[in-house]
Each structure stands twice: as C-alpha cells, then as structure tokens.
Amino acid sequence: YFTYNYRDFSFTIYDYYCPPSIQASNEIANYNQPNTKHTIEYATAALLIELAKADFEEDQVERTLIIAMLRDTFDLSQKEIDELLSFAETGSEEANDLFQFTQLVNQHYSHTDKITLVENLWLVAFADGRLDKYEEQFIRKVSGLLHLAHSEFIKSKLRAKDKAQQP
C-alpha cells in the first residue's frame, strides 16, 4: 500500500486497488506509512457515493445527507469534505468492485461502527422518499462484505426507515 497526499489529505491506498489516475500521480509519497483516519474517511465516502449512484439518478437530497454524515462522523470542514468527495468520486468511478472499500472498513471499524455505516447507507437510500431495488441490493452486498448478520442488516434498515419517516 502507499499513502496518497491530496492537498490537506493523506490517504492510504493498497496499490493493487488504486485507481490508475492516482497511481500515475506525482503526489504519491510516504510509502508504507498508513494513515487510518483518512483511509476510513475515503472508504466511507466512496461507499456512500456508490450507494447514491445505485439508482442511476443523482439526487441533491442524498448528496446533502452524505455531506452532513461525513461532516458529523469525521468532524470535517467544508473544504475537507469537498476534497474528500472529489477523491472518493474518482476512486469510486475507477473501482472494479466494492471489496477495496469494504476491506478498509473491515480493517478499521468495530462491529458497532459497521452497523452504523450500514444504517447510514439505509438513510441515504431513504432520503429521496423511495427505496430503489438497486439501492437495497447494494446495501445487502455491502452488509455481506462487512460480515454482518442478516438480522443486523434488517434491524439497521428498520431503524433507518423510522428515522427517515420522522419529521
């Protein structure tokens, strides 16, 4: 793996999963110097972005919720969020699968944190007022890759649905 320095961010990326545009960058530095905080921010943002794209519609409500989640979860400034989203969108577009993101979550999140992430995915899915079958399939896949039990998948869905229906 290597650390990619992007403006004020430093992300650890495993080189066999790294997007080609980042591999070719001259900003790669600090080989084998992991930065757990930014790694998990990147993985979380990429998963949230992937979910928002799952229904093939760009929805401003979902994007606004993703920004709020990243700000609240990681205590980021707007500038940091913009940079993180830009980086995560590039990684998401060039990714071949979800494993590269879920692997980072599995390495750095506790079991409770993983459940919270899945619940946040559900909240984004419900943000536009409807649950698309592709969004549900995406969350099911991520839950499996995070090694969560089906009951945790269902419970997080129900909690998020209740939260989404509150005024």
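**Aromatic pairs in a predicted model**

Y42, F87 and F101 form one aromatic cluster. This is a predicted model, in which local features need pLDDT of at least 70 and side-chain atom pairs count only at pLDDT 80 or more, while totals for chains, interfaces and linings use all residues. Residues are numbered from 1 along each chain as its sequence is written, and side-chain values use heavy atoms, with hydrogens and water left out.

Visitor: How many aromatic pairs does a search of the whole structure find?

Guide: Rings of Phe, Tyr and Trp (its six-membered ring) pair if their centres lie within 6.5 Å. With that criterion, the number found by searching the whole structure is five.

Visitor: Are the planes of Y42 and F87 stacked, edge-to-face or tilted?

Guide: Planes under 30 degrees apart count as stacked, over 60 as edge-to-face and the rest as tilted. The ring centres of Y42 and F87 are 4.8 Å apart and the planes stand at 55°, so the pair is tilted.

Visitor: Which helices does this pair link?

Guide: Helices are DSSP runs (H or I, at least four residues), numbered from the N terminus. The two residues are 45 residues apart, and the pair links distant parts of the chain, with Y42 in helix 2 (residues 36–53) and F87 in helix 4 (residues 78–94).

Visitor: Is Y42 buried or exposed?

Guide: Buried means under 20% relative accessible area and exposed over 50%, with partly exposed in between (1.4 Å probe, protein chains only). Because its relative accessibility is 3%, Y42 counts as buried.
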